[in-house]
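Subject: Structure handover

Hello,

Please find the structure below.

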Amino acid sequence: MHPDLPQLDAGDVTALRRESPRDSSLHRLVVDELGRADEALWLDARNNASTYTLYELAPGTARLDDLRIARAFTAYQHHSIARRLVAEATPATDLVVAPCLASLYRDPDLPDERATRLLRSTLSILAELAAAVDAAVLVTVERDDRATERVLATADRELEARSTAEGVAFEGDDYVTPGYWGTGFWQTTVPYWVDVCGATPSVDRPATLGDSVRPSVASADPDLVGANPPIAPELDAAGPLDRSDADWGAV
């Protein structure tokens, strides 16, 4: 397992919320899971199964040998392929991927009642399939509407992916990206060190540069207030010490 990627749970449906259907977060998770899977099935919608991206991320072409992809272009096709998954899946099936799951069921030419029934049936099939063969099912959501609510209601777990300067970060109730691998380095994060060292107890807020610090005797003798200068002069917010991160350089 790659150290900066979450592991999917066998027998559960995981919903991945992405910033864009074109980012690589889904493919990264799938390639990582394929390193442990004996067999994987991908029910594609909206051409998410980019073989170029998969081959680019895979450490070798052998990693993709046990991945089979079926593409759907309408809600009826999608639902039909989902039903076929029951026959295609075997005890060796460890992963089922269904990106943009609700998108085809939003077709304006499809009556709302019919779309709802088809989507609910597809979701039920995927959830039951996950339990039957103990496979991890990975679906994605990209927008907020009633269809997405139905997908999330079926999911056992939610993950969110977002782009950062260091790479893709994943976050969920039980996972936060601990760091990022680079060429010859490992960029850690605050959650990583909290996990390693533990959190520190809360303490009183220390004085900052903008605070005025006066002798403690001043609080006992009001006549002294103003008669003696503060130990540390107050600094104007726009003074010479107010510098941007760019001035200090990277930390």
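A term for later: Ala, Val, Leu, Ile, Met, Phe, Trp, Tyr, Cys and Pro count as nonpolar, Asp, Glu, Lys and Arg as charged, and the others, Gly among them, as polar.

This is a predicted model, in which local features need pLDDT of at least 70, side-chain atom pairs count only at pLDDT 80 or more, and totals for chains, interfaces and linings use all residues. Residues are numbered from 1 along each chain as its sequence is written, and side-chain values use heavy atoms, with hydrogens and water left out.

The whole chain

The chain has seven helices and 10 strands. Helices (H or I, at least four residues) and strands (E, at least two) are DSSP runs, numbered from the N terminus. Of the 251 residues in the chain, 38% are buried. Buried means under 20% relative accessible area, exposed means over 50%, and partly exposed is in between, with a 1.4 Å probe and protein chains only. The accessible surface of the chain is about 15,000 Å², and carbon and sulfur atoms hold 51% of that surface. Such areas come from the Shrake-Rupley method with a 1.4 Å probe; for residues, only the protein chains shown count as cover.

Contact means heavy atoms within 4.5 Å. Among contacts between residues at least 6 apart in sequence, 71% join residues at least 24 apart.

Helix H4

Helix H4 runs over residues 112–133. The expected span of a helix is 1.5 Å times one less than its number of residues. The 22 residues of H4 should therefore span 32 Å, and the end C-alpha atoms are 32 Å apart, which agrees.

Just after H4, Asp134 takes a positive phi of about 55°.

The second largest pocket

On a 1 Å grid over the protein atoms alone, a cavity is a set of points where a 1.4 Å probe fits but cannot get out, and a pocket is an open set with protein on both sides within 12 Å along at least five of seven lines; lining residues have an atom within 4 Å of a point. Grid points are joined across faces, edges and corners, and a volume is the space filled by probe spheres set on the points.

The second largest pocket holds about 200 Å³ of space. Its lining has 13 residues, and Tyr105, Asp112, Ala115, Thr116 and Arg150 lie nearest the centre. H4 and H5 are the elements that give two or more residues to this lining. H4 gives the most, with four residues. By type, the lining has six nonpolar residues, one polar and six charged.

Leu34 is in helix H1 (residues 25–34). Is Leu34 buried or exposed? Leu34 counts as buried because its relative accessibility is 7%. Leaving aside residues up to four places away in sequence, Leu34 touches Ala40, Arg63, Leu64, Leu67 and Leu95. Leu34 and Asp65 are 31 residues apart in sequence, with 9.3 Å between their C-alpha atoms.

Asp94 sits in strand E4. Its relative accessibility is 25%, so Asp94 counts as partly exposed. Asp94 and Leu34 are 60 residues apart in sequence and 8.7 Å apart in space, C-alpha to C-alpha. With residues up to four places away in sequence not counted, Asp94 touches Arg36, Ala37, Asp38, Glu39, Ala135 and Ala136.

Glu39, one of those contacts of Asp94, is found in strand E2. Glu39 counts as buried because its relative accessibility is 17%. Its contacts, under that rule of not counting residues up to four places away, include Asp66, Arg68, Glu88 and Thr90. Glu39 and Pro91 are 52 residues apart in sequence and 9.2 Å apart in space, C-alpha to C-alpha.

The loop between E2 and H2

Arg46 is in the loop between strand E2 (39–45) and helix H2 (51–57), and Asn47 lies in the loop between E2 and H2 too. Phi of Arg46 is near 60°, a positive value in a residue other than glycine. For Asn47, phi is near 55°, again positive in a residue other than glycine. Arg46 has a relative accessible area of 43% and is therefore partly exposed. Asn47, at 45%, is partly exposed.

Leu152

Leu152 is in helix H5. Between Leu152 and Val141 there are 8.4 Å in space, C-alpha to C-alpha, and the two are 11 residues apart in sequence. Not counting residues up to four places away in sequence, Leu152 touches Ala15, Arg17, Val141 and Glu158.

Regards
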